[in-house]
Amino acid sequence: MEEGNLDENTLYLGDYLVSPGESAVWELKIARLPSGTRIKMPIYVFRSHKPGPKILLSGGLHGDETNGIEIVRRLIKSRYLSDLECGSVVAVPIMNVFGFLNFSRSVPDGKDVNRSFPGRRSGSLASLTAWNLAQKIIPAVDYIVDFHTGGASRTNYPQVRFTTGDEKSKELSHLFAAPLSLPSAPIKGSLRWYAGSLGKSVLVYEGGESMRNDEHVIEEGINGVLRLMSGLNMTMHPVTLPDKSYRLSGSSWIRAPKSGMFRPFKSSGDAVAAGETMGIINDPFNAYEALVKAPKSGHILGHNNISLVHRGDALFHLGIEE
Ligand SMILES: [Zn+2]
């Protein structure tokens, strides 16, 4: 961003200035559909007069991950963002409008925006979308909460991932207090990786699965954002205390020991003990069966809802307690 945020209380999105105390909706023009329709990314900005943290809430970077879109939509509609005690919130319900229109994670040529950062102005859609976000939105904020869901047939229990080695993001995850939180390394080309390279702390919220809204996931996401804002003194509204929040130190996937039909006995959010049976795999003609066992104790971060698996397929994502 050429203009730069001149002082602590200046907020530029590209060359679009939002003054302290103002609320605004800015439509960032991305590209056109083959029909000629212009694709715009609406960006909602809420600012207090008083300086404070600048937070980006980003949904729909994967266009089919609708829980996050719903979380950001409801927050925009709520009173929490319109009367901030200090700081600013930039809220983008749908970052990948092309994917959203196509019920798809990616853009129409199959590329993933969340692997395309920092992007290029002259690049194809994924790269161009990433470039717009990298140039015009990400530099304007201090912290980011990026909302995602499991992909394909996988579902995730509400959780936040902070960045390994970034103490600030760990601190933010404690304020958010999702049911589960854990460190993870950012993937090259992702929004988290690029924002981290600019010194921004990012939380990735994961919950539910693509193309299915899950009320529990949506409520946990909203409550986590409100706890985060309250912890940063951005809101004085009362916030919901977390039920139980487990801090995990890492995770690993439990994979199918054989090919066949998979029946899970456990699901996301369950605690399991080492050696406990988590599911079973049979061939369809009763020639063999294999139990899926927990290799160690932990909390199930996510599970695969698919009924047919090949040996080695990921079945359960197991989080290990600190
Ligand atoms: Zn995603």
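**Close-up views of a predicted model**

**View 1. Strands β16 and β18 pair side by side in this predicted model.** Here β16, covering residues 298-304, meets β18 in the antiparallel sense, and four bridges link the two. For a landmark, look for His 299, which stands opposite Gly 319 of β18.

**View 2. Strand β18 also pairs with β11.** Stay with β18, residues 314-321, and turn to strand β11, residues 246-255: the two run antiparallel and are joined by seven bridges. A handy pair to find in this view is Gly 250 and Ile 320, the latter in β18, which stand opposite each other. Taken with the previous view, β18 has antiparallel pairings with β11 and with β16.

**View 3. The protein chain is divided into two domains.** Domain 1 spans 11-231, and domain 2 spans 248-321.

**View 4. Domain 1 and domain 2 are in contact.** On the domain 1 side, twelve residues take part, and they meet 14 residues of domain 2. Which elements give two or more residues to the side of domain 1 that touches domain 2? They are β8 (154-163) and β9 (180-184). Strand β8 provides the largest share of that side, with five residues.

**View 5. The side of domain 1 that touches domain 2 can also be read by residue class.** Six of its residues are polar and five are nonpolar, while one is charged.

Methods. Residues numbered from 1 in each chain as written. Predicted model: local features only at pLDDT ≥ 70, side-chain atom pairs only at ≥ 80, totals over all residues. Pairing = 2+ DSSP bridges. Domains from an automatic or database assignment. Contact = placed C-beta atoms within 7 Å. Nonpolar A, V, L, I, M, F, W, Y, C, P; charged D, E, K, R; others polar.
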